[in-house]
Amino acid sequence: MLHRLAATCIIAFWIAMTSLLVIQQMYPETANINAVPVSFLGRLVFQHQQSSDLSIYEKEKNVGFLHLQPRVDNVTGARIIELSGNTVFTLPGGDSKRIAWHGNIEMDSTFATTQIHLGISLQGPGQQLVLDITPTKKKVHYVVKNDGAVTDEDTLTLDEKGITTLLTQAGISPVMLSSFTKENAAQFTPEFSAQQSSVSISGETASTILLTMKIGGQPLIEAHLSQLGQVLKAAAPVFGYRLAPHNVAP
């Protein structure tokens, strides 16, 4: 099961990698008078370093939480987003499990992702997956643990050969990779935009910056951020999730 979870996480990142280096593509202002440069939003988040604590809802049911903490390393100047939380996750094959995660995303001064560390624990006795992704080297190191003991460990390349190896180990047919060739990778290219907006919180209207991430024209993430860079409300329409601070209706 953990191999399938590893395959799901790594493939999702690999699709983005084969499309383009997303974070480096900071979109300039457009003709929209309300548009805000995504690069400005990035600087805002790390300037104020405000944490965001959000409940995750599926319809009206609270199914988990997400904690985000941006910070700047005073020595290296690296921009780091620490994240933790848990929610219900549907694994390939239809099984649903509650998973918990913790980790961080590290970026340089140009917001290019340099390192991703993610630890994922499955509901049950001591099942854990640890991922260390280095985008610049296009490599991922994964460790599978059960009750603290390492049951599998490997370093793979973020290319078709590496992903095929992982899929085979997970018992998943690698035929699916034919859908992600260079000819049609453009449809998986994430598009980011930001614009001035507002959101209702507890009956009051707050001015926000709306950050939207789309893939193939379909909104994947929509997040309202305050003028201090704190997430006030968010949604992941494709997955049916909505996020809001504790004690605030989603």
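Two strands pair if DSSP finds at least two bridges between them. Helices (H or I, at least four residues) and strands (E, at least two) are themselves DSSP runs, numbered from the N terminus. Keep both ideas in mind for the views below.

This is a predicted model, so local features are given at pLDDT of at least 70 and side-chain atom pairs at pLDDT 80 or more, while totals for chains, interfaces and linings use all residues. Residues are numbered from 1 along each chain as its sequence is written, and side-chain values use heavy atoms, leaving out hydrogens and water.

**View 1**
Start with strand β7 (residues 139-146) and strand β8 (residues 149-157), which pair in the antiparallel sense over 8 bridges. To follow the pairing, find V144, whose bridge partner in β8 is D152, and then K145, whose partner in β8 is V150. The hairpin of β7 and β8 has 2 residues between the strands, and in it D147 takes a positive phi near 55 degrees. Strand β6 (residues 127-134) also pairs with β7, in the antiparallel sense and over 8 bridges. Here Q127 stands opposite N146 in β7. The hairpin of β6 and β7 has 4 residues between the strands, and K138 in this hairpin takes a positive phi near 55 degrees.

**View 2. Helix α2 and its buried residues.**
Which residues of α2 are buried? They are V38, S39, L41, G42, L44, V45 and F46, where buried means under 20% relative accessible area, exposed means over 50%, and partly exposed lies in between (1.4 Å probe, protein chains only). Just after α2 comes Q49, with a positive phi of about 50 degrees.

**View 3. The aromatic pair of F46 and F111.**
Rings of Phe, Tyr and Trp (its six-membered ring) pair if their centres lie within 6.5 Å; planes under 30 degrees apart count as stacked, over 60 as edge-to-face and the rest as tilted. By this rule the count comes to 1 aromatic pair. F46 and F111 form that pair, which is tilted, at 6.1 Å centre to centre and 35 degrees between the planes. F46 lies in helix α2 (residues 38-48) and F111 in the loop between β4 (96-107) and β5 (113-122), so the pair ties together parts that are 65 residues apart in sequence. F46 has 7% relative accessibility and counts as buried; F111 is buried too, at 8%.

**View 4. The nonpolar cores.**
A nonpolar core is a set of buried Ala, Val, Leu, Ile, Met, Phe, Trp, Tyr and Cys residues joined through side-chain atoms within 4.5 Å. The largest one has 38 residues, and I56 and W101 have the most contacts inside it. Helix α2 gives the largest share of this core, 5 residues. Apart from it lies another core of 5 residues, among them V199, L232, A244 and V248. What does W101 touch, leaving aside residues up to four places away in sequence? Its contacts (heavy atoms within 4.5 Å) include I56, F65, L66, L83 and L118.

**View 5. Two salt bridges.**
Side chains of opposite charge can pair when their charged atoms come close. A salt bridge is a side-chain nitrogen of Lys or Arg within 4 Å of a carboxyl oxygen of Asp or Glu, and the structure holds 2 of them. One joins E60 and R242 (3.2 Å, N to O). This pair links distant parts of the chain, with E60 in the loop between β1 and β2 (61-72) and R242 in strand β13 (residues 241-245), 182 residues apart. E60 is exposed at 65% relative accessible area, whereas R242 is partly exposed at 27%. R71 and E82 also meet in a salt bridge (2.5 Å, N to O). R71 sits in strand β2 and E82 in strand β3 (residues 79-90), 11 residues apart. R71 is partly exposed at 32%, and E82 is partly exposed at 28%.

**View 6. How confident is the predictor, and where?**
pLDDT is the predictor's confidence in each residue, from 0 to 100. The chain has a mean pLDDT of 79, and 74% of its residues reach 70 or more. Among its elements, strand β1 (residues 52-58) has the highest mean (94) and helix α1 (residues 2-19) the lowest (55). Over residues 18-31 pLDDT stays under 50, and the model has 28 contacts beyond four places in sequence for them. Where pLDDT is low, the predicted coordinates should not be read in detail.
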